[in-house]
Amino acid sequence: MTRNPKYSFLSHYYVADSSFYTDNNIQNIGKSFWISRVPATISEAKELLTANLNLKTLKSDERYSFYQTFVEYGGVKQKWVLLLSHKMKEKKEKTLRTKLDKEVEKVEKSFKKLKGEDFFCEEDASKAAEKWIKEFPSIVFEKVDLKSIKKRESGKRGRPSKDEELKTYFRIDGSIKVNDAFVLNEMEKMGLFILASNDITLSPGEMLKYYKGQDNVEKGFRFLKSDTFSISKVYLKNKSRIEALAMIMVLCLMIYSIAEWKLRTKLEEENETVPDQKGKPTKRPTMRWIFFNFQGITELISQKEGEVNSEILNMEDLHWKILGLMGEKYENIYL
């Protein structure tokens with residue numbers, strides 16, 4: 001829930017990925033405010049992504065540059081913000097270079113095979129070369145030639161006689177290289193994406209902030225789908241039971257999130273750290289890792305001469321440190 005500066009009441013925003021962005025969804029959601037990523041397949045988006053625009057640095061986050069415009073799509077007036085993530089661009093460019101190196105190696109093998117094929121005429125050889133190069137847009141011919149060779153009819157062995165008529169075949173020859181224009185064009189588009197909202201009063205910074213906030217929710221649902229809950233082992237057919245299970249899972253996620261927030265806040269306030277999975281100090285541990293550290297703790301209950309005794313086993317300094325940060329109530333559970 002976020003406050004819209006134009007209004008005195010709190011406004012809700014539905015945040016969604018590009019799969020939401022269709023004519024029907026935009027029309028059916030009514031007057032509710034939404035923020036969505038725009039699919040790059042839409043013609044209007046293609047034009048914006050390939051346009052030569054003067055992007056400005058986003059004041060709220062200098063890792064991004066932006067350009068904003070207003071459009072009408074699905075019968076709804078909205079603001080589109082074209083964003084360039086410099087970090088994403090750098091990462092994707094590195095991935096593209098690695099991909100190109102592998103592709104060139106693969107293409108060279110394919111080209112070697114093509115050069116070994118025999119064609120009955122020059123036209124057939126030329127068509128084969130044209131068809132082959134179209135399959136690899138990242139590659140162009142550095143030079144391409146056709147050469148003629150004379151061979152015996154297939155099936156005949158041994159040395160040809162002086163008066164034996166040889167057949168003329170044509171082969172493709174030449175060399176290939178990386179298509180620099182294609183690579184440059186791909187790199188220019190990298191790191192670019194478009195956000196849209198029907199609340200045209202939102203600033204580009206606000207739209208990006210709210211959209212990125214979606215990641216926290218998605219992380220939570222990834223946690224719910226992990227083996228931690230062992231949901232795959234539970235089979236429910238009754239609709240009400242499925243709803244009940246989903247409610248319990250969401251409540252578990254809420255408690256998990258609150259506990260994680262509380263521990264991280266305390267670590268920051270006390271300037272303390274706990275070891276992460278690699279043994280390095282961190283102020284932002286995941287609660288899943290904390291739970292994992294508490295797995296070996298056992299309560300031993302014994303009875304002697306009618307007297308019941310309880311003892312907590314396997315408690316270490318790290319466990320008491322975490323409990324102390326969480327608060328006295330948490331400590332008392334283990335005392």
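1. Helices (H or I, at least four residues) and strands (E, at least two) are DSSP runs, numbered from the N terminus.

2. The model is predicted: local features need pLDDT of at least 70 and side-chain atom pairs count only at pLDDT 80 or more, while totals for chains, interfaces and linings use all residues. Residues are numbered from 1 along each chain as its sequence is written, and side-chain values use heavy atoms, with hydrogens and water left out.

3. In α3, E93, L96, L100, V107, F111 and L114 are buried, that is, under 20% relative accessible area with a 1.4 Å probe, protein chains only. The buried residues of α3 pack against α4 (122–134), β8 (139–151), β9 (167–178) and α5 (180–189), contact being heavy atoms within 4.5 Å.

4. Strands β13 (residues 298–304) and β14 (residues 307–313) pair in the antiparallel sense over seven bridges; pairing requires at least two DSSP bridges. E299 stands opposite I312 in β14. The two strands form a hairpin with two residues between them, and E305 in the turn has a positive phi of about 55°.

5. W80 touches, among others, Y21, V38, E44, Y67 and I194, not counting residues up to four places away in sequence.

How values were computed. Buried means under 20% relative accessible area, exposed over 50%, partly exposed in between (1.4 Å probe, protein chains only).
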